[in-house]
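Open your viewer and get ready to click along.

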Amino acid sequence: MSNLVIVGTQWGDEGKGKIVDLLAEYADIVARFQGGNNAGHTMVVDGQQFISHLVPSGILQGKTCVIGNGLVVDPEVLLGEIDYLVGKGVDAGPENLKISEKAHVIMPYHKAVDHGRERMKGDKKIGTTGRGIGPCYEDKATRRGIRFVEMLDADLFEERVRAIMDEKNFYLKEYLKADTVDPDAVIYEYRGYAERLRPYIENVSVIIDEAIKSGRQVLFEGAQGTHLDIDHGTYPFVTSSNTVAANACSGAGIGPRHISGVTGIVKAYTTRVGAGPFPTELFDAIGDAIQAKGAEFGATTGRRRRCGWLDTVIVRNAVRLNGLTGMAITKLDVLGELDEIKICNAYEYKGQTLSEFPTNLKVLAECQPIYETLPGWKTDISGIRTYDELPEEARSYLKRIEELTATPVDIISVGPGREETIVLNNILAR
Ligand code: GDP
Ligand code: IMO
Ligand code: MG
């Protein structure tokens, strides 16, 4: 039996949703373990596109989907997503969707603080998704958060909200010069969410543990990417959770011995949304062409994604930080029109060659990527379904990625659709 963690290796939007949806066919449970509705995971099935922000990407395969304790959940968004899925004929009822009672609840003041802080930072802003993610994790860490278990207890919820809102409103009004939030309205609004979500809220650690004990397979779905990790990413231009594979355990409530593999999703080039360093970023016509062909707009905020060449310094960093056992290379089709393709294999910093990703952002800002250039394949590969049919240049590109990262490519994605995939090694298949 295999329990596999899927993580992003770059700065998010690598195509995690597509690969999780694909592999979910062989899983019994799909569990998200961190982040919130800052994530936007896209699945395309029979030509129909679904974007999910909170519901795990196993829902279209009819699998049990779990929202782990490591998430911060906006109940309004979650209910909207459930309605959207049900409207599309997807079963997203409490039988199929379980929310951890320990997950933290995003409150209106978290969103107001997120917006207010970004506005105050001006051109120094992080470029957050504005969904209240950072302020909610902050309250979790300072032990002022509200979990689903508390939201379900109307009296306790009211007590907690009233206790915290004086301070929140003082901060919003006096420091951020933002509108305050009315506690009575919040209490009323969230009481409605609590009643609708009550049947979904469970002790998910027990559910996952029982599934594993009875030999069922679990897929753990990461959000964001390794370089947005609060510890290991390009701090402070990061999200507020641990995005690396180890957090699958604490964020879903299981022990590390149950994890049998970690697949890193690697986009065949690099993208980033929001601010922060990005050594291989392209500011030329090639960058624009990749952006256009790859339709690189954020699935959550609609922002244009910054694009650049594949950076194997960061992918190697992700191999180590996540303990990757394999990789899925996505969006290989997007590079199909280029004459030449570059891969960054190291950085040059003040005459020295760096093969490891620097922690100091000032150093990183001065790093120049060292590239090797490979020939392009100049063909549309989106219809190809076997490795051997891929053009030789595309196979060479994949081989070089494997060499530079010392990690095998298990899956190749050549289009957004579930079927537009070449599976070389499906570790979940029984
Ligand atoms: P996630 O956040 O990692 O799940 O990725 P997103 O869904 O935010 O962004 C990936 C985008 O690329 C989505 O629009 C997908 O439909 C699309 N996509 C995924 N894999 C491929 C692929 O192999 N080729 C192409 N052309 N698009 C893909
Ligand atoms: P998925 O799961 C890409 C980025 C934001 C910003 C930074 C902090 O779809 O890959 P936050 O709102 O989390 O406080 O913003 O993190 N970010 C993402 N970028 N994909 C995501 O998720 C992201 N989630 C957050 O753009 O730079
Ligand atoms: Mg995304």
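This is a predicted model: local features need pLDDT of at least 70, side-chain atom pairs count only at pLDDT 80 or more; totals for chains, interfaces and linings use all residues.

Residues are numbered from 1 along each chain as its sequence is written, chains are lettered from A and ligands numbered from 1 in the order in which they are written, and side-chain values use heavy atoms, leaving out hydrogens and water.

**Stop one.** Select the magnesium ion (ligand 3): D13 (OD) and G40 (O) coordinate the ion at 2.0 to 2.2 Å. Donors here are N, O and S atoms within 2.8 Å of the metal (3.2 Å for Na, K and Ca), and sites may look incomplete because water is not among the atoms. Helices (H or I, at least four residues) and strands (E, at least two) are DSSP runs, numbered from the N terminus.

Is G40 buried or exposed? G40 is buried, at 12% relative accessible area (buried means under 20%, exposed over 50%, partly exposed in between, with a 1.4 Å probe and protein chains only).

**Stop two.** Now show residues 108-121, helix 3, and residues 133-141, helix 4: their axes come within 7 Å. Among the contact residues are Y109 and R117 of helix 3 and I133 and D139 of helix 4, contact meaning heavy atoms within 4.5 Å.

**Last stop.** Pick D166 in helix 6 (residues 154-175). D166 is exposed, with 64% relative accessibility.

Terms used. Axes are lines fitted to C-alpha atoms, for helices over the stretch in contact, and angles run from 0 to 180 degrees between N-to-C directions.
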